[in-house]
Amino acid sequence: MNFQPTLAFAQQLDAQDALKNFRNEFIIPAENGTAKQYFLGNSLGLQPKRTKEKLQTILHDWAKQGVESFFHAEQPWMDYHDRLTGPLSKIVGCLPHEVTVMNSLSVNLHLMLVSFYRPQGKRCKILCEAKAFPSDQYMMETHVRNHGYDPADAVVEIAPRPGEHTIRNEDILQKIVELRDELALVLFAGINYYSGQVFDMQTITKLAQQAGAKVGFDLAHAAGNIEIQLHNWNVDFACWCNYKYLNGGPGAIAAAYVHERYHKDASMQRFAGWWGYEKATRFQMEKGFKPIQTAEGWQLGTPPLLLYASLLASLEIVEEAGWSNINAKRKQLTAYFWYILDEVNKTQASPIIEFITPRNEAEHGCQVSMNMLQRGKEIYTALMEAGYFVDWREPSVIRLAPVPLYNTFEEVWKFGEQLKKIVSR
Ligand SMILES: Cc1ncc(COP(=O)(O)O)c(C=O)c1O
């Protein structure tokens with residue numbers, strides 16, 4: 001599409017936007033009645049208006065009949081989990097019984113490593129991206145130690161080549177081949193939180209499994225952002241939080257995917273709890289763990305209904321908007337965003353923004369990470385003061401993400417105008 005850097009053009013794109021009414025489903029931060037521009041859905045998605053009502057329903061059930069609500073609420077709490085797994089399975093591309101909603105992302109990654117990191121002899125290494133999110137780094141380090149290995153040897157990080165910002169897929173694949181018999185697990189993000197780079201999950205999975213390793217993904221920045229096919233790509237496990245692109249609220253309940261081939265595998269090791277015990281006999285409180293033969297077999301304890309409710313509010317909106325429509329808008333909105341940012345660079349004698357997120361559509365989602373070549377912190381502060389929510393990552397990166405469910409083309413255009421003003425001062 002031939003874009004134009006004008007307000008009229010941006011407004012025309014908004015007028016044609018099939019999802020334009022969904023912005024009204026969210027509470028847009030505002031000051032003195034004027035909406036601010038929120039580009040931080042990559043960090044914490046905005047609050048759906050219907051979240052309050054969903055939470056109130058749980059509070060009402062609790063007040064009316066206490067614990068009996070598990071079985072006798074209008075929407076019984078016992079079945080609430082099933083209302084979440086269907087929508088989530090469409091978003092990450094798997095079967096509903098391959099998803100379970102539980103805990104936080106960091107906890108779920110630990111639980112998955114108990115099951116999928118089973119080092120033996122020299123097959124003990126974990127391959128991951130350099131600059132993985134810190135929680136993931138600490139998680140790998142401590143699991144490796146727990147098995148008696150040295151993280152300096154057993155955690156192998158693959159970094160961008162000198163002078164580059166993103167990791168080349170060919171380098172990842174070559175490393176998998178190189179490590180082969182030593183590789184126990186490949187654990188990557190679906191999208192790196194810092195650079196916004198999308199990794200080629202399908203190819204990585206195939207090659208790592210051919211080498212005899214298990215493969216998992218941290219989808220914190222990918223779930224609800226890009227198209228994923230966990231089941232068809234044969235991924236072993238994945239975990240994600242639901243508070244970024246999935247708008248489940250601060251500290252929202254997280255989710256995990258386990259490929260169905262492991263559900264009935266009696267040799268799987270795991271850390272168990274009573275909520276993962278087979279449903280028909282759970283309340284007989286017998287000794288000896290019998291897992292539910294779905295991803296729910298990895299659940300631990302009583303579910304937090306208020307967090308379920310908060311996530312349901314958001315997933316209903318995704319269902320109503322349609323996941324494929326959201327993706328179509330995401331592609332157009334981000335393409336326009338890149339175009340507008342190029343226009344900002346053109347106003348300068350030499351570029352002021354270096355993009356560290358790959359420009360190729362298949363290698364990025366909503367997020368754009370801009371390495372500011374001059375006055376980075378000052379520009380970030382000026383944007384925040386002007387009412388633009390963006391985030392700062394040391395030493396010089398501004399991350400921001402236009403989100404298809406609530407951001408508009410006009411906001412993107414305005415952002416460009418504001419940035420031009422700030423950099424020209
Ligand atoms: C890529 C990634 N992994 C892990 C985490 C940790 O998630 P949590 O704090 O919800 O456990 C985050 C948090 O932002 C993240 O971005």
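Predicted model: local features only at pLDDT ≥ 70, side-chain atom pairs only at ≥ 80, totals over all residues.
On one side, 35 residues of domain 1 are in contact, and their partners are 24 residues of domain 2. The area buried between domain 1 and domain 2 is about 2400 Å², and carbon and sulfur atoms give 56% of that area. Looking at the domain 1 side, the residues that lose the most area to domain 2 are Leu-44, Trp-323 and Ile-356, which together account for 26% of what that side buries.

Polar and charged groups also take part in this boundary. Between domain 1 and domain 2 there are 14 residue pairs in polar contact, counted where both residues have pLDDT 80 or more, and the count of salt bridges between the two domains is 2. The side chain of Arg-330 also meets the side chain of Glu-227 in a salt bridge, with a distance of 3.8 Å from N to O.

The ligand is the next stop. Which residues are around the ligand? They are Ser-104, Leu-105, Ser-106, Phe-133, Asp-136, Asp-218, Ala-220, His-221, Tyr-243 and Lys-244, and this shell divides into 4 nonpolar, 3 polar and 3 charged residues. Several of these residues reach the ligand with polar atoms of their side chains: a polar side-chain atom of Ser-106 lies 2.6 Å from an oxygen atom of the ligand, and a polar side-chain atom of Tyr-243 lies 2.7 Å from a ligand oxygen atom. For Asp-218, an N or O atom in the side chain is 2.6 Å from a nitrogen atom of the ligand. Taken alone, the ligand exposes 390 Å², and the protein buries 83% of that area.

Conventions: Residues numbered from 1 in each chain as written. Heavy atoms only, no water. Near = heavy atom within 4 Å. Polar contact = N/O pair within 3.5 Å; in protein donor to acceptor, adjacent residues only side chain to side chain. Areas by Shrake-Rupley, 256 points an atom, 1.4 Å probe, with all protein chains shown as cover. Nonpolar A, V, L, I, M, F, W, Y, C, P; charged D, E, K, R; others polar. Contact = heavy atoms within 4.5 Å. Buried area = accessible area lost by both parts, 1.4 Å probe. Salt bridge = Lys/Arg side-chain N within 4 Å of Asp/Glu carboxyl O.
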